[in-house]
Amino acid sequence: MSSPYALHTEIANGIAVITIDLPGEPVNKFNRAVKDEFVALFDRLERDLNVKAAVLISGKKDSFIAGADIEEFLEITSAAEAERLSHEGQLLLDRIEQHRTPLVMAIHGACMGGALELALAAHYRIATDHPKTVLALPEVQIGLIPGAGGTQRLPRLIGVRAALDMILTGKSVRAKKAMQTGLVDELVHPAILKKIAIQRALEIADGTRRHQKHSGGVSGFLLDENPAGRRVVLKKAREETLKKTRGNYPAPPAAIDAVAAGYSGGPSHGYREESRIFGEMAMTPVCRQLIHIFFATSALKKDSGVELPVGSPLPEIMPVNKLGILGAGFMGAGIASVGIQQGTLVRIKDADHGRVAKGFAAVRDVLRERLTKRQITKVEYSDLMSLLGGTVDYSGFGNVDLVIEAVFEDLNVKHQVLRETEAEIRPSAIFASNTSTIPIARIAEVSQRPERVLGMHFFSPVHKMPLLEVITTESTDPDVTASVVAYGKKLGKTVIVVRDGPGFYVNRILTPYINEAGRLLDQGAAIDAVDNALLDFGFPVGPITLVDEVGLDVGSKAGKIMYEAFGERFAPPASMQAVVATGRFGRKVKKGFYLYDEEGKKGEVDQSVYSLLAPGARETTSTSGTQAQTRTQIPAAEIQQRTVMPMLNEAVRCLAENVIRSPRDGDVGAVFGFGFPPFRGGPFRYMDTLGIAEVLRQLEELNDRFPGRFEPAELLVSMARRGERFYPES
Amino acid sequence: MPTVGNGRRVAIVEGVRTPFTKAGSAFKSISAIDLGKLCVAELIQRTNLSGSEVEGLVFGTVIPSVIAPNIAREVSLMPILPKGVQAYSVSRACASANQAITDAADQILLGHMDVAIAGGAESLSNVPILHSQGMAEKLVLASKAKTFPGRVKALAQIRPKDLIPITPAIAEPTTGETMGQSAEKMAKLNDIPREEQDHLALRSHRLAAAGTADGRLTAEIMPVYVPPRYESVVTSDNGIRADSSFEQLAALKPVFDRNYGSVTAGNSSPLTDGAACVLLMSEEKARSLGYEPLGYIRSYAYAALDPGEQLLQAPVLAAPVALARAGLTLRDMDLVEMHEAFAAQVLSNLRGFESQYWAERAGFSQPVGEVDQSRLNVMGGSIAIGHPFGATGARITTTLLNELRRRGQQFGLMTVCAAGGMGFAMVVERAR
């Protein structure tokens, strides 16, 4: 039980069965100690002539090996050191590949990164036909490339197309798919995994079973198996990668280089290049920032969401077995869809049956998508739907543990449903508002139990957006906060706890950014020029597209509330007001800043919208389209500076006002809430990168040009004066 | 006090049902199993019950799925219920849901369980074809008809040869007689005039329409957001005709005996889809969970006679036994719910209650007595509401208890006739 070692070897009938079970860790990972154990073990197996073959299996439940230990990786300080690490890994795997005793991998559970690279070097791979069994090379997700032969062995095993698909996205491949591509040789039930692995090891040792190469069919021959085809594939991959990353992420193109090197210069050149590029990537700021974000989210997973004095008992978590949802609209249905998928009984209420039925249909759409993608079976689909109940009164609310209201954004309506709900629910039940604009304390004013009232701000579409803001008031009971945070995590969300106030955190820092984008339009900038500048900066969508997505009516209503709360620096731009006044509410009405087709798919800029905006000052062309309008050319760098700086400034204010608990929460909230470029690490990491003094300088400069809106936050001024950073220097 | 059991009393905590819809209409794409699931899930949700409390699930269906014959087990395999629930299906023709309820009640009385769900479901839209091609076509035509005359016209095209039975569920295997033929025979044997049957049918529709309009009847109905697309929602029964008239009913041609017959599509219960179930608990358990039950089972009885005699007359034999076991008489009954398979059967049963002959056949010296019309099927019956075979018994149980509660009354009697010459009667009570 308390063995300090990760590898446990039992030898029987000439087969060494190696069980990997990292002591004191929930999952297996590769660190220096484990690597040393592997080296020692294979030394021993080399000498032990009784051993004919080996099997590697995991001792963890439903989990194989999660890959390399990233914490250890962060200690590396130079590219040369990272390159050496990669090279050592390659040598070890080479040795395993060439070893006297063939190795059979018995894979059950997630097999990630270095573990998959080990599997590629092994002689036979068996996976269990189980939903938990997935294989992936997720290195690019943290700005790296596979460094232990993955870029060389994978394309040769499954073809260059399938290999690039895995390497460039880092996505997880399920066992069945792995079987189809030839990534694994066999699928078995978990109960017989070990037995079959031993049997195959014996057969391979006896020479009665040879590895059979997977046939890639005609397209495999044309595109994977010959140099001309591969060139086409690599070229296409380069183009698509550049389009996707806009040059902001060096790892995916570098990974293509490593794969290409193995074909152009032969295997030994390929391995060398892989190590070199791995070392290079390890030292990029992008890699560092992505790892910071990774750690920040990991830390949030362990965070209860409440700070209690040292020595006080842990918060009491109340499980949510039954969830009541008020309002069957898009948000309500979205929350219902994630609730039932976690096995929560959900009761959804709206004013009439027609609306409830629409909510059911929206939940169905979410689940149907999973069914179509074969992520769930038909039986699971109907099981999940059976957890959903609908009502037009409060029947069935008597035993709900949590109620989330997603009704119309109007304080009186919120007050009414809160009063009605509290009359029906148990005193222990929690009432959460999904409002995005109204302060929770205002809603809680009419509550009999304000200590059990808080905000749960989901983002739309709920089933896709990873962030949840939990908003607490002065009165919220810490146990209530911790229970809701725990449930939010169960729903698969990254949860930050923020203090009550207009816009909470995410919308509050987003609003100055959106407003400034609107003001750029006021000054004659082209719509697509603004969006493109911020896509280049690294946002997943531009601010004007975002406004179309969210809905101009919703956006302007929220903007108005924040203007009232914060004054001039939140003054809404004229452009937005002019456009919303004409009923162009964005994608949902298929009319906004952009053109939309019948299905709501976005097209080009709607040129007719310019007639509602102030004309451009100087003569330049705007976009494609027949009736090109005269717009003012504003450099992308200025667009980026003018929109991003006030966002950073507002984030600092949120920190100073304790709206967020830490820069970490602020970074994670911005990255997961609206896609602040992850490679920049979030607003606070980005400010540290720029330097606080530089941020201050830019804001002051902007404030001189546009007085009022860019007044630097006091905290920023004092930090600059004292030479402080948000995070300690790493 | 009840005369059955060992001092324990079985509470009927709550009942719920789907709307009852004509076969081939709103629920045509929902199987009986799925109707049962919808109904049981809603019963648990609306009663604020934790599914983990449920120990047993007994369900009835008359025409089981060939693929999944144990409907109770299929229904129980929802994530809302523990996998360890004891789930089994029962079959007693149109009294199947009653059998489910009394089985579950017996388990509770024995102390084997404290919480059980019992009921039934039927999808006559989803059975292995019961009828000849001709009948099927005409039924579809009728169900598509927008107007009552249109429907009548379609139904009127049904010819006796269309009714040649194909499955044993509709015809008696022993006699080869269809349900309708049996009803026709009973009308003749008991001398039930056509007008009386049509009046009863009219009464059924009018009372059911009134109960729907004022919400007394719909109180037991759950909304069904119709899967798979959820484009529509059904909140009430779709076979009840508020605008039905005696003249319309009288104009219908007899179906089973064209020359001397009196049983028509109008005075018979229609083919129906639906599910109904009730939540049963031991009295102590209900109290400890804080429920105020709808009522309690006071007594019940089953009876049977030769199917070749009067197929649907056995309630006449069951009712006096149930009343005797309850230690009560018909006069004590504040309400009587009698399943309406056919108007001819209801009127035959009522005459049987008054008859010395049937009293003696049941082993009693005195007849049950005359049922006060003002207490009988006060919100109509199966002729208007519809009759999903396996579900009706649970529907009647809930209807009776809800109305007793609303009126603040104490005792109720229900009877259900069933194929095979079987009959059922139950006495329920409420604490006054």
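Chain A of this predicted model contains an open sheet of 5 strands, ordered β3-β5-β7-β9-β10, with mixed pairing. Its edge strands are β3 (28–30) and β10 (173–174) of chain A, each of which pairs on one side only. Strand β9 (residues 134–136) of chain A joins β10(A) in the antiparallel sense over 2 bridges. Within this pairing, A:Leu135 has A:Val173 of β10(A) as its bridge partner.

Strand β12 (residues 322–326) of chain A is mostly covered, with 5 of its 5 residues buried. In a regular strand the side chains alternate between the two faces of the sheet. Both faces of β12(A) are covered: A:Leu323 and A:Ile325 are buried on one side, and A:Lys322, A:Gly324 and A:Leu326 are buried on the other.

β12(A) pairs in the parallel sense with β13(A) over 5 bridges, and it also pairs in the parallel sense with strand β15 (residues 402–405) of chain A, over 4 bridges. In the pairing with β13(A), A:Ile325 is bridged to A:Ile348; in β15(A), the bridge partner of A:Leu326 is A:Glu405.

| Strand pair | Sense | Bridges |
|---|---|---|
| β9(A) and β10(A) | antiparallel | 2 bridges |
| β12(A) and β13(A) | parallel | 5 bridges |
| β12(A) and β15(A) | parallel | 4 bridges |

**The contact between chains A and B**

The contact draws 19 residues from chain A and 18 residues from chain B. On the side of chain A that touches chain B, the elements giving two or more residues are β13 (345–349), α15 (353–372) and β14 (388–391) of chain A. The largest share of that side, 7 residues, comes from α15(A). By class, the side of chain A that touches chain B has 10 polar, 6 nonpolar and 3 charged residues.

In chain B, B:Glu177 is found in the loop between α5 (148–156) and α6 (179–189). B:Glu177 is partly exposed, because 19 other C-beta atoms lie within 10 Å, whereas a buried residue has 20 or more. Leaving aside neighbours within four places in sequence, B:Glu177 is in contact with B:Ala171, B:Glu172, B:Ser182 and B:Leu311. The C-alpha atoms of B:Glu177 and B:Ile164 are separated by 9.9 Å, the two residues being 13 residues apart along the chain.

Notes:
Residues are numbered from 1 along each chain as its sequence is written. Chains are lettered from A and ligands numbered from 1 in the order in which they are written. This is a predicted model: local features need pLDDT of at least 70, side-chain atom pairs count only at pLDDT 80 or more; totals for chains, interfaces and linings use all residues. Two residues are in contact if their C-beta atoms, placed from the backbone, lie within 7 Å. Ala, Val, Leu, Ile, Met, Phe, Trp, Tyr, Cys and Pro count as nonpolar, Asp, Glu, Lys and Arg as charged, and the others, Gly among them, as polar. A residue is buried if 20 or more other C-beta atoms lie within 10 Å of its own, exposed if 12 or fewer, and partly exposed in between; C-beta atoms are placed from the backbone. Two strands pair if DSSP finds at least two bridges between them.
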